[in-house]
Amino acid sequence: MLYINCPHCGLRSQNEFAYGGDATVKRPELNKEISDQEWDNFVYLRKSPRGKHLELWHHISGCRQWIKVERDTSTHEIFKTYKANEAIE
Amino acid sequence: MSQDFRLDNVGMVNREKKISFKFNGKKYFGFEGDTIASALIANGVHLVGRSFKYHRPRGFFGVGVDEPYAILQLDRNNERDPNIRATEQEIFEGLEVKSVNCWPSVNFDIGAINNFLKMFFPAGFYYKTFMWPPSFWYKIYEPFIRMAAGFGEASIKHDKERYEHKYEYCDLLITGSGPSGLASAYAAAKNGARVILAEDKPRFGGSLLTSDVNIGNQTGVEWTEKIIAELKSMPNVTVKNRSQVFGYYDHNMLVMSERISDHLPKTQKYLPKQRLWYIRANEVLISSGSIERPLVFGNNDTPGVMLSSAAKEYMKVYGVLVGKKPLIFTNNDSGYETAIEFKKNGVNPIILDTRSNPSSDIITEAKNLNIEIKFSYVVVAAKGYKKVKSADIAKISDDKKELFNIENIKCDCICVSGFWTPSIHLASQSGNKSKFNEKIDAFVPDKSKQQENTIGSANGIFTLEETIKDAFDKGFDVSNKITEKNNKVSVPTVVEKKSTDHDKFWCVPLPKGKSYKRFLDFQNDVAVSDIELALREGFRSIEHVKRYTTLGMATDQGKTSNLNGLQLVSDIENKVVPQVGHTTFRPPYTPVSIGAIVGREVGKHSKPTRKSPMHSWHEKNNAVFVDAGVWLRPRYYKQGNEGLFEASKREAKNVRQNVGVCDVTTLGKIDVKGPDAAEFLNRVYTNAWLKLPVGKARYGVMLREDGIVMDDGTTTRISENHYHMTTTTAQAANVLSHLEYYLQLVWPELNVNVVSTTEQWAGAAIAGPNSRKLLMKLFPDLDVSNEGLPFMGYKEADLFGVPAKIYRISFSGELAYEINVESDNGYFMWEKIMEVGQEFQIQPYGTEALSTLRIEMGHVAGSELDGRTIPYDASLEGLVSKKKDFIGKRSLNRSAFTSTDREKLVGIVPIDKTTSIPEGSYIVKDPKAKLPNPKLGHVSASCWSVEYDNPFSLAIIKDGKNMIGQKLFAMSPLKNKTIPVEIVSSHYVDPEGKRVRS
């Protein structure tokens, strides 16, 4: 079970969190004309890298904040965690 | 009580307390502190089971978790507990156990015929045999395999025992209380670390219980007792026996199962049977020790052949002799310790040592005790069927290939020692890649992967002096990283007998003309010949060899067999063991009962149960409840002999004719506040929200980004910057997460806060033509006329002194209101509504009537918004704004979503007006068409229309809008029904929606 350092609450066990998927996806702006392909990429296409990956986690049984977690998908090592809108190093 | 094999005044069992137990129906006696194994051996019983494949007689092989043979079934309080290791289970008064995998009895087992048919059961037998014809699978092969598979029978009854979970945090977890575990725990505890020391067995000390050593001028046992007593007195130390750390997971999370009541006749009040500990440890020291390796020779599975260390432990710990004419077969010095122990207890052993001329302190001592030793000697084969009676022994050539002078000697047990295998399971589970240590012919942990270190014999250190010193150092080092107290205790002096190198020889060749089975894996009957066959058939990867032959599988997971298996594969392949590698170690290290894993999360405890504040009223009024997510909701209120159908019909009819009241507390409620709240709702919902006036509610639909409907509900503008959103009961939690996602990550610039208020409000829906009259009486000061409180209007008023919120919204399609009060006042509100409503023939209605009412009206719910429908499909396209952008809008432009013949919501009525249509039925054009019959759609919800007194269903069918009036068929292969139906409008009752606005 992962041990996730919530930037708001500190170290908490994984069972307090819900996984939220790829954190590198950016939603297209509202009212912007975009191609089917671009929209498709946003809705469906996700990278699934082996190694370092930036992920969203929702501290659902804690502070209810969405956070970003930089994690190695094969070793589960967590390098850093960020608040929702913190700049990513 | 006479126990022929019990020694006087030796061992640690409590001779004062005699305990009786039953094995295969026969009564035996033992002492407190005995295991089933030690008590049975004391009584001269060695036949306890039958092997998995050939049903060969099985005895005891080990003395602990590695036991491959003595798997029994325990019957306790009329419940069955299979897969009990006799070497672990302590006896208690009234214990009843029986053998498994034998019929009719362990002494006479019909299945043993397999032993004579063994040429027909080679490796891969199942894969080769149960292939064809395919039609044999269900009726012949599968039942046969199921009958043959597994040891024992699990109970099918509910397990009444209590199991608990515990979460714990510590600086240092130490897994095993042998010399290294004790030393490191002591060093770390003295340095101020919070330590958990876990021991799998009832007694602490590990090898110190049986070895003849001296630590700090005390015997191993005395030193153990002193250290344990001191550790127990320290507030920063938790010491646990009967506790197996079986899994090493990510981020230093380890799981331990503590057997609290397994050794007691009855579960004690307030104590669970077992407790599962989830331990998050900053550091872990793995001191899990090592397990003796068997030597391989003919018929080496005969009862009476066992590990030499086990024989020693039975003597020293339990005061039990495993035999009176022992043969010790060894390739190292450990066998000598066992021989010396036999000799001390007045039994004359014979040692067969595969080495030609070894010398060490221990060998000298054995010689001085006049123990008969034969060097360069091996056991060729054990003789005897249900118990060893003699052994064929032989001198072996220096190249270990030729046997000479084969002779038969009498013996009643053969104690084997093929050196030691470190238990690297936990280190390996943590991700530590092991390395092969040539000196000990075994794998040891390599570089630490997580915060773990392996110490003692688990790390391949086999001298006590080095073990103790290393463990004191490691205990200090890892604790000091955390506590920084620099409090180092001195290392005691250690006296032990020096031993010499072991012999790498482990497998005795077959004599010419003999075809003895030489077993590698005792639990699964895997012999040398099976591995040879697998390799001949082309299996190369050790993982494939394992699965093909079942080497190292089953409950013991090859604790005694894996390394010999690897050695054999390497020998045949002309490789060295590290080239072959080992199979993956996965948790659990030992079997864990399912009950312990589940813990308290059984029955009603498997999820929280939420009840509305009016729950007790419903109970008192004969409500029959239904699970709605985690909520309990009244499904209907039973009157007299009514069933679900009659009651829900009565309740729904009363809503249509008079007035009904429904508990809607369970609806999700979310407060949306902030200056940008309107803008936010406008982006979340498909329809327009910017112009909703204060005091008005609006129905809204929200989508996922892929265009699929996520949820629906009404949201009311309470004040300028305050909205009250409602969600469906099922989606409440998801919707909140969804809103938080957009506010926190996508549009952080919006100044809006959301919070769940589901539990803050109790809700009652009042529906029916009499509802306004009722409302006038409930709120005499409020103008509830159609002008004063119009459809979708909102008012606040006092309900007999209690502040209430009144929303004029309707799910039933009738004139209806929803009243919310603070949860604490919910019961009061409900009683008042019932009391005042009496004169208007009010009746409470449950979810079944609620469904009937909404289905008749064509209002969609979860069965239509099933995660596959876009607004068009659910006939919600009128709510989709063309002007503004919102979540998921871009997806609605995709070609598949704009296609004109999409499935769409319709109503269906059976042509005979009497046959109910099962939910989930398919709609087809021709019920006799060739399969697969083209499906036009499916029935999503069915009810008995109280308005027209005939069945009515909602369905989502292809090109639905052009299908009205068509005659089709609803087919339910599940219910074996084919019903001719007519497609009608989904708005079956009051299609113009006059009633809600009346």
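Helix H23 (residues 847-857) of chain B is mostly covered, with nine of its eleven residues buried; helices (H or I, at least four residues) and strands (E, at least two) are DSSP runs, numbered from the N terminus. A residue is termed buried if 20 or more other C-beta atoms, placed from the backbone, lie within 10 Å of its own. The structure is a predicted model, in which local features need pLDDT of at least 70, side-chain atom pairs count only at pLDDT 80 or more, and totals for chains, interfaces and linings use all residues. Residues are numbered from 1 along each chain as its sequence is written, and chains are lettered from A and ligands numbered from 1 in the order in which they are written.

Among the buried residues of H23(B) are Glu848(B), Leu850(B), Leu853(B), Ile855(B) and Glu856(B). Their cover includes strand S33 (631-637), helix H18 (644-657), strand S34 (659-663), strand S47 (937-945) and strand S48 (950-958) of chain B, contact being defined by C-beta atoms, placed from the backbone, within 7 Å. Gly858(B), which follows H23(B), has a positive phi near 75 degrees.

An open sheet of five strands in chain B has the order S36-S37-S38-S35-S39, with antiparallel pairing; strands pair if DSSP finds at least two bridges between them. Because strand S36 (697-703) and strand S39 (753-756) of chain B stand at the edges, each with a single partner strand, one side of each is left without a neighbour in the sheet. From one strand to the next, the twist averages 25 degrees. Strand S35 (residues 668-673) and strand S38 (residues 722-727) of chain B pair over six bridges, and Ile670(B) stands opposite Met725(B) in S38(B). Helix H19 (residues 677-684) of chain B lies across S35, S36, strand S37 (709-719) and S38, running at about 130 degrees to S35(B). Axes are lines fitted to C-alpha atoms, for helices over the stretch in contact, and angles run from 0 to 180 degrees between N-to-C directions.

The axes of helix H5 (residues 179-190) and helix H6 (residues 220-233) of chain B come within 10 Å and cross at roughly 35 degrees. Leu182(B), Ala185(B), Tyr186(B) and Ala189(B) of H5(B) make the contact with Thr224(B), Ile227(B) and Leu231(B) of H6(B).

Between the chains, the contact takes 17 residues from chain A and 19 residues from chain B. Helix H1 (residues 36-44) of chain A provides the largest share of the chain A side, three residues.

How values were computed: Two residues are in contact if their C-beta atoms, placed from the backbone, lie within 7 Å. A residue is buried if 20 or more other C-beta atoms lie within 10 Å of its own, exposed if 12 or fewer, and partly exposed in between; C-beta atoms are placed from the backbone.
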